[in-house]
Amino acid sequence: QVQLVESGGGLVQTGGSLRLSCAASGRAFSRYGMGWFRQAPGKEREFVVRISWSGGSTYYADSVKGRFTISRDNAKNTVYLQMNSLKPEDTAVYYCAADRRAFRAVNTIVENEYDNWGQGTQVIVSS
């Protein structure tokens with residue numbers, strides 16, 4: 001098991017930036033890919049971005065490509081999500097999640113492939 005705690009959410013104007021963090025504790029963080037998902041009011045949770053266990057591979061949803069950047073610091077057991085050029089449609093609760101499989105070679109956006117989730121952090125983008 002791994003415990004995940006997100007932080008960094010808040011209220012920002014359109015075009016602004018936020019940096020989310022997800023601190024992990026428990027199992028060996030560096031062995032597992034990490035993902036960010038989000039859930040907007042009245043909508044289902046959706047995939048945002050994923051980073052591989054090594055940090056060498058990333059995969060972005062089209063809606064955030066070019067605006068969001070995921071990174072990880074395995075020495076600090078933390079994954080980050082830098083969000084730039086924010087839009088009102090980015091408003092959501094953002095969750096980080098840990099891959100259920102260590103050293104996965106192929107990126108996955110399937111929620112069931114992530115077995116540990118944080119509590120979420122709220123991001124509100126005002127127009």
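Guide: Two residues are in contact here when their heavy atoms lie within 4.5 Å. The model is predicted. Leaving aside its neighbours within four places in sequence, R72 is in contact with a list of residues that includes F29, Y32, W53 and V79.

Visitor: Where is R72 found?

Guide: R72 sits in strand 7, which covers residues 68-73.

Visitor: What makes R72 a residue without a salt bridge?

Guide: A salt bridge needs a side-chain nitrogen of Lys or Arg within 4 Å of a carboxyl oxygen of Asp or Glu. For R72, the nearest side chain of opposite charge is D73, and it is 8.3 Å away. That is beyond the cut-off, so R72 has no salt bridge, although R72 is buried.

Visitor: Which polar contact does the side chain of R72 make with another side chain?

Guide: The partner is the side chain of N74, at 2.7 Å. The cut-off for a polar contact is 3.5 Å, so the pair qualifies. The side chain of R72 also reaches the backbone oxygen of F29, at 2.9 Å.

Visitor: How many salt bridges does the count come to?

Guide: Nine. One of them joins the side chains of R27 and D115.

Visitor: Why is the pair R27 and D115 called a salt bridge?

Guide: The distance from N to O is 3.2 Å. The limit is 4 Å, so the pair counts. This pair links distant parts of the chain, 88 residues apart. R27 lies in the loop between strand 3 (18-26) and strand 4 (32-39), and D115 lies in strand 10 (residues 114-117).

Visitor: Is R27 buried or exposed?

Guide: Buried. Its relative accessibility is 17%.

Visitor: Why is D115 called partly exposed?

Guide: D115 has a relative accessible area of 30%.

Visitor: What makes D62 exposed?

Guide: Its relative accessible area is 66%. Exposed means over 50%, so D62 passes. The side chain of D62 also meets that of K65 in a salt bridge, at 3.0 Å from N to O.

Visitor: How do you know that R67 and D90 meet in a salt bridge?

Guide: Their side chains come to 2.7 Å, N to O. That is within 4 Å, so the pair counts. R67 is in the loop between strand 6 (58-60) and strand 7, while D90 is in the loop between strand 8 (78-83) and strand 9 (92-102). They are 23 residues apart. Both R67 and D90 are buried. Through shared partners, salt bridges join R38, E46, R67 and D90 into one network.

Visitor: Why does V64 count as buried?

Guide: V64 has 0% relative accessibility. The cut-off is under 20%, so V64 is buried. V64 lies in the loop between strand 6 and strand 7. Leaving aside neighbours within four places in sequence, V64 is in contact with R38 and V48.

Visitor: What does the secondary structure of the protein come to?

Guide: Zero helices and eleven strands. Of the 127 residues, 46% count as buried.

Visitor: How do you know that the radius of gyration agrees with a compact globule?

Guide: A compact globule of 127 residues would have a radius of gyration near 14 Å. The protein has 13 Å, so the value agrees. Along the principal axes, the C-alpha atoms fill a box of roughly 40 × 25 × 25 Å.

Terms used:
Residues are numbered from 1 along each chain as its sequence is written. This is a predicted model: local features need pLDDT of at least 70, side-chain atom pairs count only at pLDDT 80 or more; totals for chains, interfaces and linings use all residues. Side-chain values use heavy atoms; hydrogens and water are left out. Helices (H or I, at least four residues) and strands (E, at least two) are DSSP runs, numbered from the N terminus. Buried means under 20% relative accessible area, exposed over 50%, partly exposed in between (1.4 Å probe, protein chains only). Lys and Arg count as positive and Asp and Glu as negative; His and the chain ends are not counted. A polar contact is a pair of N or O atoms within 3.5 Å; within protein, one must be able to donate a hydrogen and the other to accept it, and residues adjacent in sequence count only if both atoms are side-chain atoms. The radius of gyration is taken over C-alpha atoms; the globule rule is 2.2 Å times the number of residues to the power 0.38.
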